[in-house]
Amino acid sequence: MRHALLFSGALVYAALYAPQPLLPAIERILGVPPGAAGLGMAAPMLGLVLGPWGLAFGVRPRRALLLGLLGVGGGSVLAGLLPGFWGFVPLRFLVGASLSAVAVFGFALLPKLFQSPQAVAAFVALNALGGTLGRSAAGALAEAFGVRAALALLGALPLLLVPFFLSGRLPTPPSPERPRPARAMLVGGVLLFSNLFLANLLPYRLEAAGVSLAGIGAFYLAYLGGLLGPFVAGRQGSGAALGLALGGAGLLLTPAAGLGFFLFLAGVFGLHARFGEGFGRKGESPAYVSGYYLGGMLAGLLYPPFLALPFAAAVGVAVALLLLGYRYNPEK
């Protein structure tokens, strides 16, 4: 079961992020204006903000994870059918609320289950891998089979792990000794806001440059930086991860934007692994996860006004927030 928990992050994040490179196409299918499909990314983030607070540590982790995987998989398949805008958005909320079980118990339990400092780094790296494959495969599958089929196929992936959680036991998560939820939420929030704020803007920028859906999906292979960053941070520390993120942000404004996004994401995921493990050991993973996805939700809501601004303005916002989060991280 511990390996199923470790790898569940890859499959649920593939389902979560599959719609991202297809936002303009989803808007055309649903007949809504540019930027409106951002609610389809903001709604699951709201679910991930609220969901952790319902996962009091008295809840049995195995049962929560079983229901979580069913909710992510079932909700993603139904949302992928695009049943009208006001059906799509609530289903995406269900996906996020269900996914919170994997996020919270991943940080809280993996250090106990594996007794290795690399366990959380591997979990975050697999999150990045799942998100990368979900984004990149979505573009190719949409061109081959249509947008609806692509979203439904990728959304069904978490259901493959349901049998592993039908029986067995998991350890009790740690309880917070001196909880500081505001700090944990702030640090988590700036990380995902910076990540998704730029990622939500990029498909519009790339489509305007004449890049195809498959090409936009391929650009999101930059999320493979999330495989590198957690292990760099594990060996070199959070300062090295911050350096990667800042260097990558600078390259985003040059013709080497693909490399820049790769390095930026490597740094952000490296920080996420370090900070997530730190708050998890303190028993504060619900607050950290809630804040992390609050940042993602805000990114989905706040990116549309930046469509009309120079991309440098968005990069500047992301950098400023990363520096703020680093100042209040659990290692200080």
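The structure is a predicted model.

**Exercise 1. State how many cavities of 30 Å³ or more the structure has, and describe the largest.**

Solution. 
Step 1. Searching the whole structure gives two cavities of 30 Å³ or more.
Step 2. The volume of the largest cavity is about 70 Å³.
Step 3. Its lining includes the tyrosines Tyr13, Tyr17, Tyr223, Tyr292 and Tyr293. Also in the lining of the largest cavity are Asn127, Arg135, Leu192, Asn195, Phe269 and His272.
Step 4. At least two lining residues of the largest cavity come from each of α1 (2-17), α6 (118-145), α8 (181-208), α12 (257-281) and α13 (285-302).
Step 5. Sorted by class, the lining of the largest cavity holds seven nonpolar, three polar and one charged residues.

**Exercise 2. Describe the second largest cavity by volume, lining and contributing helices.**

Solution. 
Step 1. The second largest cavity has a volume of about 50 Å³.
Step 2. Ala15, Ala18, Pro19, Ser76, Ala79, Gly80, Phe88, Arg92, Leu151 and Gly155 line the second largest cavity.
Step 3. Two or more of these lining residues come from each of α4 (61-80), α5 (85-114) and α7 (147-155).
Step 4. Helix α4 gives the largest share of the lining of the second largest cavity, three residues.
Step 5. The class count for the lining of the second largest cavity is six nonpolar, three polar and one charged. Gly counts as polar in this scheme.

**Exercise 3. Locate leucine 82, report its phi, and decide whether it is buried or exposed.**

Solution. 
Step 1. Leucine 82 lies in the loop between α4 and α5.
Step 2. The phi of leucine 82 is positive, about 50°, although this residue is not a glycine.
Step 3. For comparison, most residues other than glycine have a negative phi.
Step 4. The cut-off for buried is under 20% relative accessible area. Leucine 82 has a relative accessible area of 4%, and is therefore buried.

Methods. Residues numbered from 1 in each chain as written. Predicted model: local features only at pLDDT ≥ 70, side-chain atom pairs only at ≥ 80, totals over all residues. Heavy atoms only, no water. 1 Å grid on protein atoms, 1.4 Å probe; cavity = no way out; pocket = protein on both sides within 12 Å on 5 of 7 lines; lining within 4 Å. Points joined across faces, edges and corners; volume = space filled by probe spheres on them. Helix = DSSP H or I, 4+ residues; strand = E, 2+ residues; numbered from the N terminus. Buried < 20%, exposed > 50% of the residue type's maximum accessible area, 1.4 Å probe, protein only.
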